[in-house]
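Colleague: I am new to this structure. Could we go through its features one at a time, with the general idea before each case?

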Amino acid sequence: MTTTGIHHRLVLARAPAKLNLFLEVKDKRPDGYHEIESVIVAVSLQDTIAFQVHDAPPRKLDVVRSAPLRAAGSQIPNGQGNLIWSALDRWGQFRGTQGSADRASVTLFKRIPEQAGLGGGSSDAAAALRWVRDVDAPDVSNETLSGLAAHIGSDVPFFIRSGISLCRGRGEIIEALQRSKPLWFVVAKPPTGASTPEVYRRLPANRQPISSRAMVEAIKHGTPQDVGKLMFNRLQSAAESLVPEIRRAAAEFERLRCCGHQLSGSGSAYFGLFVNRPDAHRAQQVLRARLPTWFVCSCRSLARVSSIDHTSTPPQEAGRDHH
Ligand code: C5P
């Protein structure tokens, strides 16, 4: 496809959410960030983003919220403050000219809740970087794009490629992991969100770091039960002290037949891992009945983000199942 060809074409990109199956937080660095070791999986709960280049500025960004997000009072900004905006600014700085980034017309169909630890904003930003790279400079490598992504947020580099990965450093050192069979999850987020900096501030200093090695092996070769036994999130207690509903989530998942359950990232979304799709679907129904004001959905792991869809099919109004 030529660059001219893609210019005025409506492009739909998928931006998946992520779940942290393992998250260890190590030392605080001089730059204020913590060293982490995290096994992260991209899942089928995803935003859809329509991108198009117009003949002239200004850049436009509209947000269309799914019904569950509207009901939850989602506040995703539709201009500056949205990470898609930051990603396009960053691309303009990298290229030395705003180019397509300044003439972009973007509609974000939002399904992933914010302040959830699901990486929704980071995934949207990565999708914007992939799209503008494809339009302006397809030769720019994923490694270069990941470098730009790290300036936008710690989780953004993961979403340049997605899939299942072991992420280290601040989150930007990424090793892809292979797994042949999908994993099935149910995500439940209480109405209250969690602020990531606040959760990190509440983390106690004395910690004996544990290794992700066993989890990495379980991801590659193990059953969902093997993976479930090794799930771990160092941020969970700190997040529970900030958002007490997280303890309710833990109690609800404990009643269900799941392989493991925990907080994702800094929360406040909580998730359970299930043996198969029917179990996940049943658990989703139970949780929707018991937690009527919460965001609840089932989803599965994605082997790898399906990059950009060059299509003009309009996105569906956000459904509640993400299989
Ligand atoms: O990079 P991001 O904007 O997502 O980080 C938000 C906040 O989370 C940071 O300002 C920092 O307080 C905390 N954080 C951290 N170590 C990381 C990632 C995030 O301390 N590896």
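Colleague: Where is the place of serine 162?

Modeller: First, the source: this is a predicted model, in which local features need pLDDT of at least 70 and side-chain atom pairs count only at pLDDT 80 or more, while totals for chains, interfaces and linings use all residues. Residues are numbered from 1 along each chain as its sequence is written, and side-chain values use heavy atoms, with hydrogens and water left out. Helices (H or I, at least four residues) and strands (E, at least two) are DSSP runs, numbered from the N terminus. Serine 162 is in the loop between helix H7 (156-161) and strand S5 (164-168).

Colleague: What is phi of serine 162 near?

Modeller: Most residues other than glycine have a negative phi, and most peptide bonds are trans. In serine 162 phi is positive, near 60°. Phi of glutamine 115 is also positive, near 50°, and that residue is found in the loop between strand S4 (104-110) and helix H5 (120-136).

Colleague: Is serine 162 buried or exposed?

Modeller: Buried means under 20% relative accessible area, exposed over 50%, and partly exposed in between (1.4 Å probe, protein chains only). Serine 162 has 5% relative accessibility, so it counts as buried. Glutamine 115, at 46%, counts as partly exposed. Glutamate 143, in helix H6 (residues 142-152), is exposed at 57%. Of the 323 residues in the protein, 53% are buried.

Colleague: Which peptide bonds are cis?

Modeller: One joins proline 57 and proline 58, with omega about 5°. Proline 58 is in the loop between strand S2 (34-53) and strand S3 (60-65). Another runs from glycine 267 to serine 268, with omega near 15°. Serine 268 lies in the loop between strand S9 (260-263) and S10.

Colleague: How many aromatic pairs does a search of the whole structure find?

Modeller: Rings of Phe, Tyr and Trp (its six-membered ring) pair if their centres lie within 6.5 Å; planes under 30 degrees apart count as stacked, over 60 as edge-to-face and the rest as tilted. The search finds 6 pairs. In one of them, phenylalanine 185 and phenylalanine 271 have ring centres 5.7 Å apart and planes at 75°, so the pair is edge-to-face. Phenylalanine 185 is in strand S7 (residues 184-189) and phenylalanine 271 in strand S10 (residues 270-274), 86 residues apart, so this pair links distant parts of the chain.

Colleague: Which residues surround the ligand?

Modeller: A residue is near a molecule if one of its heavy atoms lies within 4 Å of it. Those around the ligand include Tyr33, His34, Ser154 and Arg170. A polar contact is a pair of N or O atoms within 3.5 Å. A polar side-chain atom of histidine 34 lies 2.7 Å from an oxygen atom of the ligand, and one of serine 154 lies 2.6 Å from a ligand oxygen atom. A backbone N or O atom of arginine 170 lies 3.2 Å from a nitrogen atom of the ligand.

Colleague: Where does the charged end of arginine 170 sit?

Modeller: A charge sits over a ring if NZ of Lys or CZ of Arg is within 6 Å of the ring centre and within 35 degrees of the ring normal. The charged end of arginine 170 sits over the ring of tyrosine 33, 4.2 Å from its centre.

Technical notes: Polar contact = N/O pair within 3.5 Å; in protein donor to acceptor, adjacent residues only side chain to side chain.
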